[in-house]
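Subject: Structure handover

Hello,

Here is the structure we talked about. Please open it and keep it beside this note while you read.

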4 protein chains.
Amino acid sequence: MIIVMKPGASGESISQVTQAIETSGLVVHLSQGKEVTIIGVVGDKTKLDTRSIQLNPSVEKIVPITESYKLSNRKFHPLPSGFPVKNTVIGPGTMTIMAGPCAVETEEQMLSIARAVKKAGATMLRGGAFKPRTSPYSFQGLEEEGLRFLKTASEETGLATICEVTSAHAIELAEHYVDMLQVGARNMQNFELLKEVGKSGLPVLLKRGLSATIEEWLNAAEYIMSEGNEKVALCERGIRTFETATRNTLDLSAICVLKEKTHLPVIVDPSHATGVRHYVEPLAKAAVACGADGLMIEVHNDPAKALSDGPQSLNFPQFESVMSNLSGYITLAGRQLS
Amino acid sequence: MIIVMKPGASGESISQVTQAIETSGLVVHLSQGKEVTIIGVVGDKTKLDTRSIQLNPSVEKIVPITESYKLSNRKFHPLPSGFPVKNTVIGPGTMTIMAGPCAVETEEQMLSIARAVKKAGATMLRGGAFKPRTSPYSFQGLEEEGLRFLKTASEETGLATICEVTSAHAIELAEHYVDMLQVGARNMQNFELLKEVGKSGLPVLLKRGLSATIEEWLNAAEYIMSEGNEKVALCERGIRTFETATRNTLDLSAICVLKEKTHLPVIVDPSHATGVRHYVEPLAKAAVACGADGLMIEVHNDPAKALSDGPQSLNFPQFESVMSNLSGYITLAGRQLS
Amino acid sequence: MIIVMKPGASGESISQVTQAIETSGLVVHLSQGKEVTIIGVVGDKTKLDTRSIQLNPSVEKIVPITESYKLSNRKFHPLPSGFPVKNTVIGPGTMTIMAGPCAVETEEQMLSIARAVKKAGATMLRGGAFKPRTSPYSFQGLEEEGLRFLKTASEETGLATICEVTSAHAIELAEHYVDMLQVGARNMQNFELLKEVGKSGLPVLLKRGLSATIEEWLNAAEYIMSEGNEKVALCERGIRTFETATRNTLDLSAICVLKEKTHLPVIVDPSHATGVRHYVEPLAKAAVACGADGLMIEVHNDPAKALSDGPQSLNFPQFESVMSNLSGYITLAGRQLS
Amino acid sequence: MIIVMKPGASGESISQVTQAIETSGLVVHLSQGKEVTIIGVVGDKTKLDTRSIQLNPSVEKIVPITESYKLSNRKFHPLPSGFPVKNTVIGPGTMTIMAGPCAVETEEQMLSIARAVKKAGATMLRGGAFKPRTSPYSFQGLEEEGLRFLKTASEETGLATICEVTSAHAIELAEHYVDMLQVGARNMQNFELLKEVGKSGLPVLLKRGLSATIEEWLNAAEYIMSEGNEKVALCERGIRTFETATRNTLDLSAICVLKEKTHLPVIVDPSHATGVRHYVEPLAKAAVACGADGLMIEVHNDPAKALSDGPQSLNFPQFESVMSNLSGYITLAGRQLS
């Protein structure tokens, strides 16, 4: 529920309303514009006597929101949002390029990849230290050692870093080493983990679940934001369909829907979506063309020997070429690498 | 199966091979390049004694093709193909824009739409005269009268026209009025209809079935082509998934897969895929960015009163704006309106 | 729209209502029970002035139907329907077993299969003479010759026969040889074909499309029924999902939904749904347990050599065993082989 | 990889093989039958020199297993497995009926439901104390208080209890109160949680993810089992498809596939799968008919007022009626309530 106050409503009348809400056990989310104040109400609205609020002479109108997500809802926060990550920014006007290997393997590897992707124009370094693998017998990541390699590479190149976390313990470790946390597709509805990354205060990239609807995805973002962490970006990485020619089906129309429903930035991961190296460039262009705020692209020094997801990784010259071919599209879309 | 002849193989040795194939009841598809001749074999290859062909001294090699589609297969026809439709061309280097209403309604309507879309840059006029509707009680199209209106609009504006056909009878009628036939999503595996449009000799736009794999789609194209009609273009129009925020999920990664597997041109229909007017522009840009040879866009003089699919139709100023915003992307993609 | 007349409404008042409807260009579907007469209205209801009907003193109430299917709608025809096919019956209280090969191959084969399945308890003989195959280069069926073999087998054993049809021409031929027509999954929304089988007057088995919703399926049935042919049964044969362990996912909950929404009988085809021979028996039992009116099961004299779909066919002893293990379930479900 | 020893292989030769495996850092899973000993090898098989094992004269053969799940694999454990839960048993020959409310609400409620479902024949009591809800603003469960109510109800009626857990903390609490843990659909690939329930040693019910393939599901079970906990049962609860007539599509063919691929027991939850009360009985019958080892059914004292998932819950007389109508099917399937 959103309460729109009349233009020029006094501070006193605003706090009358917010107190009435808080007394009912609900949470107020205040948005004071130059002329109009908007009060978002978060929580179980059945507990609130809306008639008494309606009677307040400074209240313009009460807008019921059928969507259960509120903090991420564009109705309540009409301008697209953004936030800084170390020395870069994710959000409107910029194009974020997160590049790096699926899994962190060695310090040397991370340094060489970080240098190469930075040179080609990437603005963030990605690398997995905790790998949620389908089978318990597959390589599960270097954990803290991997985080350390990420940090070393970041210190040398200045690139901001992002790493997937899979448990409260992983978050605790990651906070000491990286600039942004990622919640993977398989954990999109691991609500305990969402609350934990919410509490961490670090920026979070929330990947879409393999068969999550856009509404479920925004509700998952709401779990993070309702812990007080508004630095959330969404990552489309393909959904599960009947088609087997690509690993997943990249749902670019989701960008259009998201841009309408939420103010949160949207990143697209064409590498995981398709699982095929040479589909990355055309789909990266398409993502930029239809409004993405950034891309996540897998780059590896030696894709043939990658411990994880080799076939979809680009090598250095390939990544350079993709970045160079993307630049016209980024400009056309009115954005720049930040 | 593809038989690659040695460079400089004589006409005589080539016809020895083709005769051996035809004697076995199979069909030969001859492709004579400047230096190399390639012989495609279409039909049940188990009937053929490949060893005797292998022994022919002019045969370089025999390449088995596991894909069951052959005429549409890029392995056999490595360069992208194209074909003229009236005074325009579909294929490499060009960007085809098919615009018009979902259903033909009146002569006046068609004339006004044709003039408007031509002015904005469309290269073809679309309009449905036979509408395959989910319910038998919905408007089913004007049939021959609708075809006549299409023709009138084409004569005045010079635009090539395309219309969906749903039966042998509809094809017979359409041949007198339009320049290209469309097979709709629901009929993608109506094999009798595919054979009939194949026999017609007119160019055919084959829409992807709602849950058709790319391989099934190419096999459907093969039904048309095996009747001797090679003027086939494919149209991605969204697939059926669990997501309900858009009517269908536009599968742009299918363009990447198709460009690899087939030489046929690929058109994208963002209007039907999403069912939402303001998603058309961003997805049209995305389609151009990742390699589409053309777009099919619904335009209506008065979308609010359209007899069919109004909510996804653009009005004239909206279509003009989309075309203008697309032009930079078309240029970047190395194509031009033809 | 359904008009419920008051108990004891005179024939005169009933015909006043039906005339008003027909004058508006709509079709009346009259259902006269012992006490109450119900008038179904089929067609574009916007053309009808319902207020004047409401004012007729013999009209009890007008029930709007949001579902666009009417003749198949259980709201309008509350008792489950059934119909005879040759000397057997499909519908409530009976269990129809359609058994036979995917494709008709030889006369001898059909005779031997017909004898075997009859002995084991089948009540109908199936066999494909027109095969809609994914690739144009696959075996497409014996056509009229195949129909003839079906008829011969029927004459000897007395079994009613069913065969898929794929075109108006196939229907014309089939009418001379078989007792029931089948519309396959790929043609479920081939509306021209639906109208043609509707006109034929023969009983029709309508298979569910690979990704057809239940509502689309019932609307497809409506196409057949609106041509005056009410002898329609529906066949669940698996839907397309992401799961690849079975060929399709058999949707048995669809039976529950159908039993609520429609009066038409429901047949289940576990052979095509799974594509695996030894899944047929457990899923046949499950189908019977949750309310199916019949089963379609593939049986072949020599599955290893079948021209089509061998891996899912049962041989004779396997089919006998399935039938014997099913009998307890059929009895528990309150049905008998007819 | 499975190593089959020759009949009568000595203990010494067996331990030569197991030592070689363990030296390579892999885990041995020994299965000693009366005549034959089978050695399962769990871990990264690339580390193992299989040739030296092959040369051991007591080794009959080495069977590579392409499936990455091993402990749950039926190839390695050919007989169906089962395990006790408090005073009941899940597994072959028995039919487990887990009944109770979606969410635990009050002590009184749990007592009354426990009495009612026990009387009707249920063998276990279910109830959620930790509810993973799509929105952070929905009721999330009573947590420890709810567990206490479950325990009280269990103490009075003797019913074994099961409760979903969503975090390591929830597991720690649950261990003091309930007899079996449940991992919900959304957490099926929350690998950290899987490891934790594995370590707990309590029996685990692993629900299938909304779009999990059967292979991913068995790999998730493997995460639990590789922690040394073999008391795992699987629960089919519907998958996500395009069909919206039911909440999910219950995939009963998965039972057939599971019975072939794994020895673990399979439970079916028709309540969550369909979300519709009156579809529970027919689908419960179908599940029993095709081989399920048990059912999970939602029962509530007052479904209209349930805090969670009311529309799918049965009231007491409805549950009694379902149990009574199921009994013939349970007997036919060769099972009994335990």
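A polar contact is a pair of N or O atoms within 3.5 Å; within protein, one must be able to donate a hydrogen and the other to accept it, and residues adjacent in sequence count only if both atoms are side-chain atoms. Keep that rule in mind for the interfaces below.

First, the ground rules. This is a predicted model, where local features need pLDDT of at least 70 and side-chain atom pairs count only at pLDDT 80 or more, while totals for chains, interfaces and linings use all residues. Residues are numbered from 1 along each chain as its sequence is written, chains are lettered from A and ligands numbered from 1 in the order in which they are written, and side-chain values use heavy atoms, with hydrogens and water left out.

Chains D and C

Across this interface, eight residue pairs are in polar contact, both residues at pLDDT 80 or more. Helices H8 (253-261), H10 (280-289) and H11 (316-332) of chain D each supply at least two residues to the side that touches chain C. Helices here are DSSP runs of H or I with at least four residues; strands are runs of E with at least two; both are numbered from the N terminus. H10(D) gives the most, with five residues.

In total, 34 residues of chain D are in contact with 34 residues of chain C (contact means heavy atoms within 4.5 Å). The two chains bury about 2700 Å² between them, and carbon and sulfur atoms give 70% of that. Buried area is the accessible area (1.4 Å probe) that two parts lose on being put together, summed over both.

The rule also finds two salt bridges across this interface. A salt bridge is a side-chain nitrogen of Lys or Arg within 4 Å of a carboxyl oxygen of Asp or Glu. D:Arg208 forms one with C:Glu243, at 2.8 Å from N to O. D:Arg208 sits in the loop between strand S11 (204-207) and helix H7 (214-225) of chain D, and C:Glu243 in the loop between S12 and H8 of chain C, so the pair joins two chains. Both residues are buried. Buried means under 20% relative accessible area, exposed over 50%, and partly exposed in between (1.4 Å probe, protein chains only).

Chains B and A

Here, 34 residues of chain B are in contact with 34 of chain A. About 2700 Å² is buried, 69% of it on carbon and sulfur atoms. In chain B, B:Phe242, B:Tyr279 and B:Tyr329 lose the most area, together 21% of what that side buries. B:Arg208 forms a salt bridge with A:Glu243, again 2.8 Å apart at the closest N and O atoms.

How does chain B superpose on chain A? A rotation of 179 degrees does it, with 0.0 Å of shift along the axis and an RMSD of 0.2 Å. The two copies are thus related as by a two-fold rotation axis. Copies are superposed by least squares on the C-alpha atoms of residues with pLDDT of at least 70 in both. B:Ala286 comes closest to the axis of all residues in chain B, at 2.0 Å (C-alpha).

Salt bridges within chains

Over all chains, the count comes to 40 salt bridges. One of them pairs A:Glu156 with A:Arg115, at 2.9 Å. A:Glu156 lies in helix H4 (residues 144-157) and A:Arg115 in helix H3 (residues 107-120), so the pair ties together parts 41 residues apart in sequence. A:Glu156 is partly exposed, at 46% relative accessibility.

Best wishes
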